[in-house]
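Hello,

Here is the structure I promised to pass on. Please look it over first; my notes follow below.

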Amino acid sequence: APVPPPPPPVIITTPPPPSGPQRDKRAEPLLIAGLSGFAGVYLLTAYAGAATIDKARELSRGDSYDPYGNPDPGRDGKMTRNRGRALLIPVAGPFIAMHFTNSARRKYWQAVNGSLQAGSLAMAIIGSRMYAKHRRAKRRAQVTASASPEGAQVGMSMRF
């Protein structure tokens with residue numbers, strides 16, 4: 001009786017572990033969220049600063065009226081103008097603007113605004129540092145090795 005042929009050999013290969021630095025998946029979302037948050041908050045603040053400067057011009061011309069339509073000579077145009085100019089400064093501006101108002105509500109919202117700007121800018125800086133670190137790490141040489149019954153392979157790749 002004929003002898004059946006032997007079964008084909010079973011080759012078990014395991015992929016080599018990933019070589020080189022791995023991509024930090026948190027870097028890009030952190031960078032994007034930080035930049036977009038900072039841009040949004042700052043642009044709204046700058047707009048409020050420009051509107052405040054316009055209001056100061058009305059006050060200095062005497063065009064300001066109270067809610068009842070009476071002229072409002074008691075308001076200080078210079079203080080309002082300084083607050084508006086301060087709001088045009090990123091991050092530190094809202095904190096500087098706090099010194100040019102007597103309103104507790106304005107001081108509160110300017111502190112919140114400055115904190116949001118500082119926090120979102122910190123997120124953007126941390127995300128950009130993580131992203132830059134990953135980009136620098138990707139430029140390095142990577143060496144890979146694998147083996148099979150037919151032989152071994154060694155590979156090298158360099159990115160620059």
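Glu58 and Lys55 both sit in helix 1, three residues apart, about one turn of the helix. (Helices are DSSP runs of H or I, at least four residues, numbered from the N terminus.) The model is predicted: local features need pLDDT of at least 70, side-chain atom pairs count only at pLDDT 80 or more, and totals for chains, interfaces and linings use all residues. Residues are numbered from 1 along each chain as its sequence is written, and side-chain values use heavy atoms, without hydrogens or water.

Glu58 and Lys55 form a salt bridge, with their closest N and O atoms 3.8 Å apart. (That term means a side-chain nitrogen of Lys or Arg within 4 Å of a carboxyl oxygen of Asp or Glu.) Glu58 is partly exposed at 30% relative accessible area. Lys55 is partly exposed too, at 28%. (Buried is under 20%, exposed over 50%, partly exposed in between, with a 1.4 Å probe and protein chains only.)

The whole structure holds two salt bridges. Arg57 and Asp54 make one of them, at 3.3 Å, N to O. They are three residues apart in helix 1 (residues 27-61), about one helical turn. Arg57 is partly exposed at 48%, and Asp54 at 41%.

Now to a loop. Thr101 lies between helix 3 (93-97) and helix 4 (104-138). Thr101 is buried, at 3% relative accessible area. Beyond its neighbours within four places in sequence, Thr101 is in contact (heavy atoms within 4.5 Å) with Met79, Arg83, Arg106, Lys107 and Gln110.

Best wishes

Methods. Helices (H or I, at least four residues) and strands (E, at least two) are DSSP runs, numbered from the N terminus.
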